[in-house]
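Me: I've got a model open and want to talk through a few details. Can you take my questions one at a time?

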Amino acid sequence: MTPASATRPAVGARTLAHPAREDIRIEAVLHALSDPVRLCVVRELAAADEELTCSRFDLPVTKSTTTHHFRVLRESGVVQQIYRGTAKMNGLRRADLEALFPGLLDRVLEAANRQAERLGEG
């Protein structure tokens, strides 16, 4: 039997609520991906292929609106956010999304990249 402290976060540790894989809903994912700012975040995370801090993103919105967009992405199951020290790290939940909705994320990213090229947004 493990001590109780081994199963709980350390005192003062910050954790964020994420939906379990089986609770992720297609309508929440599509809603999260429908916003241009959130789609930009997802495209950057996909291109980086690693976790990125929130401060890494140069978004054209206020800090409070940025926080809102990350919360929508997290609560929909598109991204996972984990604190590492004082930094909030963000990563795509690729495996979960692929298991639930095969090919969805890749197709959305391909379409978003084609649109950016077409509009000269690179």
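This is a predicted model: local features need pLDDT of at least 70, side-chain atom pairs count only at pLDDT 80 or more; totals for chains, interfaces and linings use all residues.

Me: Is Cys40 buried or partly exposed?
Reply: Buried would need a value under 20%. Cys40 comes out at 29% relative accessibility, so the label is partly exposed.

Me: How many disulfides turn up in the whole structure?
Reply: A pair of cysteine sulfur atoms would have to lie within 2.5 Å to qualify. Searching the whole structure, the count of disulfides is 0.

Me: How are H3 and H4 oriented to each other, roughly parallel or roughly perpendicular?
Reply: H3 covers residues 36-48 and H4 residues 63-76, and their axes sit 10 Å apart at an angle of about 70 degrees. Angles of 65 to 115 degrees go in one class. H3 and H4 are therefore roughly perpendicular.

Me: Which residues of H4 make the contact with H3?
Reply: H3 passes H4 in a right-handed crossing. From H3, the contact uses Val37, Arg38, Val41 and Val42. The contact residues divide into 6 nonpolar, 2 polar and 1 charged. On the H4 side they are His68, His69, Phe70, Val72 and Leu73.

Me: Is Leu59 buried or exposed?
Reply: Leu59 is in the loop between strand E1 and H4. Leaving out residues up to four places away in sequence, Leu59 touches Val37, Cys40, Val41, Thr66 and Phe70. Its relative accessibility is 11%, so Leu59 counts as buried.

Notes:
Residues are numbered from 1 along each chain as its sequence is written. Side-chain values use heavy atoms; hydrogens and water are left out. Axes are lines fitted to C-alpha atoms, for helices over the stretch in contact, and angles run from 0 to 180 degrees between N-to-C directions. Helices (H or I, at least four residues) and strands (E, at least two) are DSSP runs, numbered from the N terminus. Angles under 35 degrees count as roughly parallel, over 145 as roughly antiparallel, 65 to 115 as roughly perpendicular and the rest as oblique. A crossing is left-handed if the near helix is turned anticlockwise from the far one by less than a right angle, and right-handed if clockwise. Contact means heavy atoms within 4.5 Å. Ala, Val, Leu, Ile, Met, Phe, Trp, Tyr, Cys and Pro count as nonpolar, Asp, Glu, Lys and Arg as charged, and the others, Gly among them, as polar. Buried means under 20% relative accessible area, exposed over 50%, partly exposed in between (1.4 Å probe, protein chains only).
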